[in-house]
Amino acid sequence: NSNKPTIRINGEDKPALVVTSKLMRLSKEPIIYAIEKFREQTDRIKNPKAYMLTLLYNAPEQYALDITNQVQHDMHN
């Protein structure tokens with residue numbers, strides 16, 4: 001929750017209502033996906049809260065792309 005009119009996602013200010021709405025619509029799979037990506041990060045994360053917020057915001061699209069990529073890879077082999 002934030003009282004600010006914007007929230008910074010991936011270095012870009014987005015309207016807080018848009019960010020909140022998108023995060024509230026997340027299903028279980030993209031949330032788990034974001035947590036796994038956070039755990040896989042080997043570099044030091046300077047701002048874990050901002051990093052996780054960006055991961056969650058981008059998770060639905062990134063998760064779908066990863067699934068598509070896995071399917072294409074499996075079908076090719």
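I started with Thr54, which lies in helix 3. Helices here are DSSP runs of H or I with at least four residues, strands are E runs of at least two, and both are numbered from the N terminus. I noted that Thr54 is buried, with a relative accessible area of 15%. Buried means under 20% relative accessible area, exposed means over 50%, and partly exposed is in between, using a 1.4 Å probe and protein chains only. I then listed what Thr54 touches: Ile9 and Asn10, leaving aside residues up to four places away in sequence. Contact means heavy atoms within 4.5 Å.

Provenance came next. This is a predicted model, where local features need pLDDT of at least 70, side-chain atom pairs count only at pLDDT 80 or more, and totals for chains, interfaces and linings use all residues. Residues are numbered from 1 along each chain as its sequence is written, and side-chain values use heavy atoms, with hydrogens and water left out.

I looked at the overall layout. The protein has three helices and two strands. Along the sequence the pattern reads β-β-α-α-α. The C-alpha atoms fill a box of roughly 50 × 30 × 20 Å, taken along the principal axes. Of the 77 residues, 19% count as buried. Among contacts with a separation of 6 or more, 51% join residues 24 or more positions apart.

Which residues make up the largest nonpolar core? I found seven: Leu26, Tyr33, Ala34, Met52, Leu55, Leu56 and Ala59. A nonpolar core is a set of buried Ala, Val, Leu, Ile, Met, Phe, Trp, Tyr and Cys residues joined through side-chain atoms within 4.5 Å. Helix 2 (28–40) and helix 3 (48–76) each supply at least two residues of this core. Helix 3 gives the largest share, four residues. I checked Ala34 and found that, beyond residues up to four places away in sequence, it touches Met52, Leu55, Leu56 and Ala59. A second, separate core has five residues, including Ile7, Ile9, Ala16 and Tyr57.

I turned to the rings and found two aromatic pairs. Rings of Phe, Tyr and Trp (its six-membered ring) pair if their centres lie within 6.5 Å; planes under 30 degrees apart count as stacked, over 60 as edge-to-face, and the rest as tilted. Tyr33 and Tyr63 are edge-to-face, at 5.6 Å centre to centre with 65 degrees between the planes. This pair links distant parts of the chain, since Tyr33 is in helix 2 and Tyr63 in helix 3, 30 residues apart. Tyr33 counts as buried at 10% relative accessibility. Tyr63 is partly exposed at 27%.

Phe38 and Tyr51 form a tilted pair, 5.8 Å centre to centre and 50 degrees between the planes. Phe38 lies in helix 2 and Tyr51 in helix 3, so the pair ties together parts 13 residues apart in sequence. I logged Phe38 as partly exposed at 26%. Tyr51 is partly exposed at 27%.

Last, I examined helix 1 (residues 16–24) against helix 3: their axes come within 10 Å and cross at roughly 60 degrees. Axes are lines fitted to C-alpha atoms, for helices over the stretch in contact, and angles run from 0 to 180 degrees between N-to-C directions. Helix 1 makes the contact through Val18, Val19, Lys22 and Leu23, and helix 3 through Leu53, Leu56, Tyr57 and Glu61.
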